[in-house]
Amino acid sequence: MDSILVRGGAELHGRIPIAGAKNACLALMPATLLTEEPLTLTNAPRLSDISTMSLLLESLGADVQALEEGRRLALASHGLSSHRAEYEIVRRMRASILVLGPLLAREGHAIVSLPGGCAIGARPVDLHQMAMEALGAELELRDGYLHARAPRGLRGAEIEFPIVSVGATENALMAATLARGTTVIRNAAREPEIVDLAQCLRRMGAQIAGEGSETITVEGVDRLSGATHPVVVDRIELGTYMIAPAITGGRVECVGGSRALLASFCDKLEAAGITVEETPEGLATRRSGERVRAVHVVTEPYPGFPTDLQAQMMALLATADGVSILEERIFENRFMHAPELARMGADIEVHGGTATVRGVSRLRGAPVMATDLRASVSLVLAGLAAEGETRVARVYHLDRGYETVEEKLRACGARIERVRQT
Ligand code: UD1
């Protein structure tokens, strides 16, 4: 397995282009199942999670062509050959559950494997299930698969989520576009990826209002058409690279970034003493003082501080002047990077969903590994700031969500390379 080798201590200066959002793209791709006409996504990221979603859609009979080195995805679902999402693919990626709504809406039935546990917590799918049932589907769990049927088609309904879920909102939104009548989704997720999906569905002819707010209203239509849609910028990749110069010193401009995508994160960086500057092409961060200041971070659904940037923020705060508190409110078990950071000299104490980080003046390089995507990149960031050499194992986690991470950082002066192992 490949690993990433980082020799820490170099300041970063330069520009990093930010790719299209993985999480938006993973929701946009299943929208192809809603129409017989072609759906083209531009600004797609080149990531292994995108290949996994392509495989899943192909297994259902969709045609997926990755053009322009994967930047443009041409999707078409003329006639579907299967409505069964197999465990073999679904277990690799939880976002596979996003085929449930579109399959049900278009075909009237779907069989989707349960995604199973994952490193950051139990992550059930009860809210997805609840939304489909509200729309008139019958669901049954058999042999590890959700069997869903809507023989008379889906009908519009009121769906009120007890907690905010990005994926369940996406599934409900897609399914509602072809349901008979009006659907009102309350306590909907407001993430930019939801807004992007709604915009794409509208280009396909869907009638949607209120995306980006807590209440989304959908008037069902008889059919959707094809469309071409650019994937929104990846705010998590953006936030990750904004932290890089904050942790090493220097200045990096993230091309394509905007403050609107990450307002609460930017506020927190500024509270820590980092300068965040809007530039004509994006967003630049710079560390002016010697060490960042300790801050209190609470992860929340959008527009709050994103859970997907919590690990990277912890790496930064590990070197802050003072004691920081990180409260994880979205996932119950998302501090697995803490003991790895501790191997590098960080002083972190975890109690339940709260981590207390006592900043140290210097981290030291060490061999580390991570169990999920954002945890992996937090270790790379820590390695950039550490004295000596850090080897991050299990790089396949990184490749799920970050395009050519070593090239992007090396272009700014980082001493980082991928060590290939066959
Ligand atoms: C999406 C993102 C992920 C991000 C997360 C929260 C994608 C592909 N992934 O994941 O990167 O970390 O949002 O911003 O977009 N829950 C239930 N029952 C359900 C569904 C969710 O209890 O049926 C819980 C989850 O366990 C979690 C919370 O709801 O505690 C939020 O999860 P959710 O927003 O659904 O996350 P995902 O859509 O899976």
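1. Basis. The model is predicted; local features require pLDDT of at least 70, side-chain atom pairs count only at pLDDT 80 or more, and totals for chains, interfaces and linings use all residues. Residues are numbered from 1 along each chain as its sequence is written, and side-chain values use heavy atoms, leaving out hydrogens and water.

2. Overall fold. The chain contains 14 helices and 24 strands (DSSP runs: H or I of at least four residues, E of at least two, numbered from the N terminus). Its radius of gyration is 21 Å, close to the 22 Å given by the globule rule for 422 residues, so the chain is as compact as a globular protein of that length (taken over C-alpha atoms; the rule is 2.2 Å times the number of residues to the power 0.38). The C-alpha trace spans about 65 × 45 × 40 Å along its principal axes.

3. Burial. Of the 422 residues, 57% count as buried, meaning under 20% relative accessible area with a 1.4 Å probe, protein chains only.

4. Contacts. Among contacts (heavy atoms within 4.5 Å) between residues at least 6 apart in sequence, 74% join residues at least 24 apart.

5. Strand pairing. Strand S21 (residues 354–358) runs antiparallel to S19 (residues 323–327), joined by 5 bridges; pairing requires at least two DSSP bridges. Here Val 323 has Arg 358 as its bridge partner. S20 (residues 347–351) is also antiparallel to S21, again through 5 bridges, and Val 350 is partnered by Ala 355.

6. Hairpin. S20 and S21 form a hairpin with 2 residues between them, and Gly 352 in the turn has a positive phi of about 55°.

Key:
Buried < 20%, exposed > 50% of the residue type's maximum accessible area, 1.4 Å probe, protein only.
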